[in-house]
Structures are given as C-alpha cells and as structure tokens.
Amino acid sequence: MARVVLQRISKSYPGVKALDDIDLVIETGEFFTLLGPSGCGKTTLLRTIAGFNRHDSGHVLIGGRNVDDVPAYRRDIGMVYQDYAIFPHLSVSDNVAFGLKTRSRPRPEIAERVARALDLVQLGGHAKRLPHELSGGQQQRVALARAMVINPQILLMDEPLSNLDAKLRIELRDDIRALQRSLGITTIYVTHDQEEALVISDRICVMQGGRVHQVASPQNLYARPATVFVASFVGTMNVLADCQVGPGGALSLGRRPCVLSSLAGRARVTLAIRPEEVILPDAVEQADAISLDGVIDRVTFAGREAFYRIGCGDGLAILAHVHRPSERRLAAAGDTIRVALPISRLHAFDPADGSRIDLGRSDPER
Amino acid sequence: MKLRLDIWTGVLVVTVAVAAVLLIWPLSGIFWASFIDNSTGDVTLANYARALGHPFYQTALINSLIVGFGGMLGATLLGIPLAVLTTRYVIFGRDLLSTLAVLALVSPPFIGAYAWIMMLGQNGFLRAPLAEIGIAVPSIYGFFGIILVFSLKFYPFVYLLTASGLGTISASVEEAAEGLGAGTWRRFFTVTLPLVFPAVSSGALLAFVLSIADFGTPSIVGGRVRVLATTTYNLYTSELGGNPGLGSATSIVLIVVSMTVVALQRWAVRRRNVAGALIRKPVPVRLRPLRSAAAHGLCYAIVLISSLPSLVVIYTSFRRTSGPVFQSGFGFDSYVRILREVPHVIGNSFNYSLIAVLLIVMLGTLVGYILARRETAVAGALDSLLLIPYIVPGVVMGLAFVVVFNVPPLELTGTATIIVLMLFIRRLPYAVRASASMLKQIKGNIEEAAISLGASPGHAFLRITMPLMLPGIVAGALMSFITAINELSSSLILYVGRTMTMPVRIYLSVLDGEFGTAAALSTILLATTGIAVYAVFWLSGRKESAFV
C-alpha cells in the first residue's frame, strides 16, 4: 500500500505525444481510474507506472521512493491484463504461487497464502486445474488472485473486464471493488467505459490526447465537467456548440431572449445540458430557461426510461429524457414539441479551448 | 534514454557478428570478385558485359527464367486445386494426402530427378508401357524433365500455404457472396481466390526461387539445357581454368533475378493482408457421387504421382546388383556396397547436420525472441539481413564461402567446419522465423505478468516463455535438420573427399551411372527425413504448415 506521485511525466513516440506533462497524486488505498477513449494515453501511463515503459521526462514516485530507474520486477506491483495473461502451462495454484516463489517465500507460507487468495476469488476448488479448463471470468479471477497474493504496493489493472460478457462484467466489477476495499490496496484502473469508471472509482482521471482533462470524484465529474470533452465523454450530454452571445450576456437562442450575466463580454459560448435536465412541455413553463420549438425525429423506449430526439432547426438536435415513460402517453416521431433548457442546469464552455466557464450558481457540493 | 545492457544486447551483438562474418563478408567478396578481371586483376565491367551480352550466358539466363516460371506455374496448377478440394469438400484420407505431400516436399529434388530418369528415361521402365497405351512421352532430358520435377516437387508449398490461407477465410464471407447471387465458380474467382492470393503467391514465389536456385535437377535431367545455377557452378569448378570473375557476375545476376521476383510478390500483396479477426471455420461440403469421385481422383493422382520418385528409389535400392549393373531379384547388395565403400559419408551427413542444428537452435531461438519482442532499429536490420539466405542460391553461397575462406585469416576450405558453417547460416533464418512466429502467438504480456510478479527478464524467459516455446523449437530444429541433411548444392562446392556427405555422394553416383548405391543412400536419407517428419507432426499436433 503506497501513495503514487507522478511528476511532469512526458513520453513521445515518433509523431505522437503519448503523455504530455502529466501531474497526478494517487492516495494510499485509493481506487483511482484512468478513463479515456482508445489512444488517449491511459494505458501508456499505467505501463509507465508499472515500469514497462520508460518515460522521456518527469518522475514516478511509489511510496515516496523515486522508481524512474527501478526495473518493473523490482517495483513490487501487481498487474491484471485485459486478456488475463495467465501462464497457460502452469496450474491455477502455480500461477498464483509464481510471485511468491520469485520472492523466495518459504513453502508452507506459499501454500497457505495461495489457498487463501484462491478462496478470496471463489476458486478454492480449482487449484489443480489448467487455465484452458477455466472460463474467461475464472481466468481473470486467477489473474486477480495472482496479482493480489503478493500483497503489492500498488495494483494496476488494464481494462480487466473488457473481454467478459455483460453479466459477468458487473459481477466481477463488484467483486474487484469489494476485494480492494477489504485489502485497502492502492489501485490504478484503466478503462474506456465511463459507466464502469463511475461505479467503481474513488476518483477518476479523464484523459485525452496524452493530457489530463480532469481529476475528480465520480459525482463531481458528472456534475461539473471541467471541459467540453469531459462533458460529452462522461454520461450523455446535449452540446450546443459555439453559440452567439449578445451584449450583456444575452443569448439569441430560442423563442425569447434570455440573459446569462456571467457571459457578459464574451462573443461566443458552447452550452451543454444533460438529457434528464431538459424540461418537456407538460412541466411548468419557466421564465429562466431557453425555450425551443422542434419536431421529434426519434422516440427510444427502454423500459425504465425513454428518450426523444428533437430536431430544433439549424442542425441542432436535443436529446430529452422522459421520466417514467410507462405511465404516460409517449409522443410519436413527427410530432411538434416545445422544450425548455433551464438556465440553472446549463454548463458553459469556452469555444476556443473547451474549458469550463463558471456560471456563478451554487453547486450541490459547495 | 539509457542503453539497456542485458542478455539480449549480448545476443544481438553475437548475431550481428555472425551475420557479418558468414553473410556479409562472403557475399561482398563475391560481389567484389564480379568486378575483377581474371587475368589482369583490374577493376572492370567486362564480366557483366559477358554474363549479360554473350549468347551462351543469355541462353542460360533465359533458360533459368523458363524453368523458374515453368516450375512455379506447374506447382500452382497442382497446388491450388488440391488445396481447394481438400479444404472445401469432403475428401477421404485428407491426412494421408497431406502427409504424402509433405514427404514429397522434404525429399531432395535431385532424387526426384534421377528417379524420373529411371521411369521415363531412354530405358525407363514406364516408357514402354505408356507407349503401348498410346502415350508418347517426350524426352525426359531438357525442359520437360526439369519442369516436371520442379512442379511435382514444389506444389506442396502452394498447396500447404493455400490450404492454411483458405482456413482463415470466414465461412460467412463466402456465404455472403453466395447470398448475393454468386455461383460456385464466380464466388471462387471473385471472392475466395483474391482473399487467398497472398498465400498462393508466397507459395508460388517459393517455387520460383527454389526452381531457379536448384542445381541438382538441371544438371541431372537438364541434358543440353543449361541454366544459370549449373553454368555458374561450371565456371568455378571447370578444371581447364575456371573463371571466378565471370562466375561471380552470373551469381549476382541470379541473386538479382530472385530479388526482383521477391520484390514483385511483395508489391503484389501490399495492402492485401486482410485476415479478419472473427473466423467462422468453413465446413467441408459433401459432393455428389460423380463429382466426388472426380475430386478424389484428381487429389490422389497429384499426390501419388509426386510420391512415385521416392517409391522408385526405395524399390531400386533393394534390387540385386553386380557392380553398377542391376540383376534380377532383390537383395542388400547396394547397402553392403555403401557400407563397404563410403561409410564415412553417412556419418558425415549426420554429424554435420546435427552440429549445425544445435547451433541453429541456440542462436535461432534467441534471435527469434529479439525479432518478435524488441522493436529496435537493429532488430529490424537483422530481420532484413536474415532474408538474404532465402534468396541466395546454395551454389552462390558455396562459391561466396570459397572466395573468402580459402585464404587467411579464416582459411577453412577443405574442413568440416566450413560445411557446418554453411549449413548453419543457410538454415538459421528458417529457425529464426519459426521461433519468432511461435513467440508471436504467445502473448507478450504473459512475460510481462511474470516480470510484474518479481521475475527478472531472464528468469521470466526461462520459466515462462521457454517452456511455451519448446514444442515449436524442437519442431523447428527437426525442420532445420531435414533441410540440412538434404543439402546438395553448397556442399558440392565445399566438399573434399574426407568431408563428403550423402547428397554429394548420391549426385556423383548418379553421374557415374551407379543407380544402386545412389538409391540405397537416398533411401537412408528418405527414411531419416520420414522419421523427422513424423516427429514434427507429433510435436506440432499435425500442422502441415510447419513445413513451409
């Protein structure tokens, strides 16, 4: 268990900046997730921490010790891979014992710890099996036991659930989280699945193009995205790109003008709102909202919820969330509809650099 | 970035040194010699002027191209139907077919050449019966014989590569074509064939390169047809003042022809690597009785005809002889003769091949690892360097060795060492490729996982990677052994009486008309090869593709 500090880490491959000046602190015992689309640098960063990539500049500190020149096998890490990386010629218990053997632990201790680790991942009865006799989910459990049994300073996981089917993914996800909590092991987890990241993490670091966009708790990440990219990558977001702003922050959007005083002095702004914040016509008409007329071009019913996609002209499409759709009469494609975007629920971003503009309203966490 | 000094850096240095001494040095020696005037020692282009301008050598070049493309075409025409029929339709005895094809592939071509002389030569035992049923076979000596031997010898390359290529086309793709209204033939020519084109063309390429490099076949059945390989050999060995400068020039021409065709094939398959990740294995279709009989007939005819030479050789080896003359009846006369006259030849063949294979396995495995796991500039350069032995014919390689190793500091001509080194460098790339491709199937992160658990890189290789590679390494070693023990052309140039090997003795016996001893030695070679093939099958879980 250790704190991990990354100081100004950069790494370039020919023609690409894979990691661009990354500064991060991962606290002891924390479940920390690196989230981003493929090619964002999250796996490169994880492998840099593991010691499989050498960074061009900057420092990696694990437990206060600079490990820049420490090879991977001396870093005391546990690693779990997307494709399990189980040793196919060794039995389940030999796989789990591998790290203890390299640490020259006495035989009885190895046997005892392996048995305990296998029990922990519910594979107690499979110790003598060979990997090909196990399912994908079981193999990943072996990998998990193998990484945890050595009691590493940090546990690194590279998309460990991506190769599993949906049901198993959720099951193992919850198991990983529970195990991590009970062992208190510092964990760095890589995924491209934002929902998985929200569910499993203490904190999330959203990356794109080798840069960190935001580091925040799942709740904060969802409520206050720091950039347009985070806003659209985490959860679903309606983005009204590059809108014109009049004098004093007047928006010329919708049926009647409305004013956002914090935008005064700007020429343009990118606005965003979550589908669940879009107000449908049966709600009270609010004064403090952008009001739009549109035509529904698609209705999606998914049981617990439904969505209207509404074309509002000028290529603008708004996705609106319908609460309790089974209890109401749903509109049909082709119907005209009026929606309201409450000012208090809007996110605003600078169109030039995508950074968040504070609209000066109170937030739940403040 | 810090230079990482570990065991792999050491291996890299050793490999580069080996390649420099055994590849670059000899080949640059022959390259240099091609610009030297024999009598005056001046630098000159006269050798090339003659090699390309004189009708005698022009004819040899044209003949090489004729037998090269002829062998390639024949191999393709036999290989593709066999591959398609055995993978797409129910053919009984598929394993038998592929085993026989592999055996035909690994037996040396010159054995095939003289076996065909025994069958279809002037006094061949098949000539009269065929004439009786009205088939007039043209003379076996000349283009017909050479191309016949090459086609029947090299078609397994096309067959095996195409068959494994066909296995990687998802059944859904062909079904989709059918669903869109394409009939059997249309589907084959517009979808299936283009998809396996890379595999077909690499098989065809191998057939071409090996055909123009082969020395034994044209010199045994060539008659008056001279090709570049035989011409080059004669230029060096002619007792009446050979011409090394000119021989070097014809060698370079031969290499350039090979390289051009290799480049053409690479160009043709560029952007063609379309292997899909998702594969639904095609299920062989059962044909209607009449068609099925025709398909079986075709498959078995191809494979059995290509096995005929081996059967003839084995049969001949047990005929009674009195001196070089065959008597009626059977006996072990030929075997007794070789044991009495040339026992050391058998020992030599085994010793040289085994030592070479040992060296090949040790270095090949490590180099294969570097090529598969380390993507450095040096590794890339090494990869292309190791392509050289694929395209340099044995005759040329042999001559190149003679050029640089018959003078100090490394005066090796006439020793066993030079023959072992030749076998080693000629076959090393195959072992490297085999070990690299084996490694590519073992996911790299398995080793990383071991390292993350505290194993040093060397330890991880020994404990995790090596055990996983072992079957592949042993299969690769057996393959190297098979090709090493059957090597003729370079040994023929490097041998002295003391260091003669079985293929050399067989070749000389055939030239002397001693078919009995040639057959007995060939049978020993075939039996050894057969056992090794069986072992490869056993180790690789019956993968014919291990042989190409």
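In this predicted model, the buried residues of helix H3 of chain A pack against H2 and helix H4 (136-149) of chain A. Those buried residues are Ile110(A), Arg113(A), Val114(A), Ala117(A) and Leu118(A). Viewed down the axis of H3(A), they fall within an arc of 135°, so they line one face of the helix. An α-helix has 3.6 residues a turn, so residues three or four places apart point the same way. On the face of H3(A) turned away from the buried side lie the exposed residues Pro108(A), Glu109(A), Glu112(A) and Asp119(A).

The length of H3(A) can also be checked. Its 14 residues, 107-120, should span 20 Å at 1.5 Å a residue, and the end C-alpha atoms are 20 Å apart, which agrees.

Helix H20 of chain B, residues 444-452, is largely enclosed by the rest of the structure, because seven of its nine residues are buried. The buried residues are Ile446(B), Glu447(B), Glu448(B), Ala449(B), Ala450(B), Ile451(B) and Ser452(B). They pack against elements of both chains: helix H1 (42-50), strand S6 (77-80) and helix H2 (92-102) of chain A, and helix H21 (457-485) of chain B.

|---|---|---|

Between the chains, 16 residues of chain B are in contact with 20 residues of chain A. The elements giving two or more residues to the side of chain B that touches chain A are H20 and H21 of chain B. H20(B) supplies the largest share of that side, seven residues. By class, the side of chain B that touches chain A consists of 10 nonpolar, four polar and two charged residues.

The largest nonpolar core has 157 residues, and those with the most contacts inside it are Ala75(B), Tyr114(B), Val158(B) and Ala207(B). At least three residues of this core come from each of domain 1 (5-32 + 333-548) and domain 2 (44-169 + 195-317) of chain B. Leaving aside residues up to four places away in sequence, Ala207(B) touches Gly71(B), Met72(B), Ala75(B), Phe154(B), Phe157(B) and Val158(B). A second, separate core has 106 residues, including Cys40(A), Ile86(A), Leu253(A) and Ala272(A).

How values were computed: Residues numbered from 1 in each chain as written. Chains lettered and ligands numbered in written order. Predicted model: local features only at pLDDT ≥ 70, side-chain atom pairs only at ≥ 80, totals over all residues. Buried ≥ 20, exposed ≤ 12 C-beta atoms within 10 Å, placed from the backbone. Helix = DSSP H or I, 4+ residues; strand = E, 2+ residues; numbered from the N terminus. Contact = placed C-beta atoms within 7 Å. Nonpolar A, V, L, I, M, F, W, Y, C, P; charged D, E, K, R; others polar. Core = buried A, V, L, I, M, F, W, Y, C linked by C-beta atoms within 7 Å. Domains from an automatic or database assignment. Expected span 1.5 Å × (residues − 1). Arc of directions from axis to C-beta.
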